[in-house]
Amino acid sequence: MTIRLLRRSMILAVFSGAALSVMPASAARMTLSGTITYRERIALPPAVAEIRLIDVSLADAPSTTIASTTIKTDRQVPIPYRLRFDPKSIQAGHRYTLQATISVDGSMWFTTTTAYPVLEGGRNQTDLVLERVPAPPAVDAPPVGSWQVVTILGRNITSGPQATLEIDKDGSISGTSGCNRVVGEASMTGNRIAFGQMAVTQMACMPASTMEQERRFLDALGAVVSWHVEPRGDRMALSNAAGKPLLVLRRM
């Protein structure tokens, strides 16, 4: 009987020691909680919210993230959050704030633009109001495709041979000036485009206005620096550095 009691006491002592060794680790964590929301009347699709505890004490140095949490959600705002952190990472005299973002498909839709101080006077409940992130500027449809020139240097082509351009994804250029075949290359970055030296066949065409059109067409190509495709995608302007359209084309 005495041996059994002794064994039981030893087992209880072991479990008690294990509990004591675990409790400080769990007790060491502290929690900030609240909600994140926004004022815009926009339905939120499935999104990812991130909340961060930031040390903003040093004005001349980047802020430091103390803790963060990520929430995948398909609910509407307000979205509750709980952010756990280690109080040992908090330094006396430092200033701490909460920052939050909401992203959809990897694109940030909302973010905090106001400072939300925390850990002052034991505050651990904070509701965050986020602001809409401005949408990036719309990107034109690419100029790739077959185009017919309708205006050269402000002058409409109403009759006679038509100039054309074929622009490939790799920048290869082909087409006609209305008389001779034209081939070459163009470099494209964003809405910037620069046509290199064009190779042109050497036929002489009549009437003389056809050759004049070819000269003006090639001169215009050499001065083009940007392109813009209209929203419907059926017309494109090729412009010079001042933004003046030199060529207007219609998709074929």
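Is the disulfide of C179 and C205 right-handed or left-handed, and what is the torsion about the S-S bond?

## The disulfide

The torsion about the S-S bond of C179 and C205 is about 80°, so the disulfide is right-handed. C179 lies in the loop between β12 and β13 (181-189), while C205 lies in the loop between β15 (199-200) and α2 (208-223), so the bond ties together parts that are 26 residues apart in sequence. The structure holds one disulfide (a pair of cysteine sulfur atoms within 2.5 Å), with an S to S distance of 1.7 Å, and both C179 and C205 are buried (under 20% relative accessible area, with a 1.4 Å probe and protein chains only).

## Model and confidence

This is a predicted model, in which local features need pLDDT of at least 70 and side-chain atom pairs count only at pLDDT 80 or more, whereas totals for chains, interfaces and linings use all residues. Residues are numbered from 1 along each chain as its sequence is written, and side-chain values use heavy atoms, leaving out hydrogens and water.

The chain averages a pLDDT (the predictor's confidence in each residue, from 0 to 100) of 86, and 87% of the residues score at least 70. Confidence is lowest in helix α1 (residues 2-27), with a mean of 44, and highest in strand β4 (residues 79-85), at 97; helices (H or I, at least four residues) and strands (E, at least two) are DSSP runs, numbered from the N terminus. Over residues 9-26 the pLDDT is below 50, and beyond near neighbours in sequence this stretch has one contact in the model (heavy atoms within 4.5 Å). Where pLDDT is low, the predicted coordinates should not be read in detail.

## Strand β11 and its partners

Strand β11 (residues 164-167) pairs antiparallel with strand β9 (residues 145-152) over four bridges, pairing being assigned if DSSP finds at least two bridges between two strands. Four bridges also join β11 to strand β12 (residues 172-176), again antiparallel. E166 is the bridge partner of S146 and stands opposite S174 in β12. The hairpin of β11 and β12 has four residues between the strands, and G171 takes a positive phi near 90° there.

Terms used: Buried means under 20% relative accessible area, exposed over 50%, partly exposed in between (1.4 Å probe, protein chains only).
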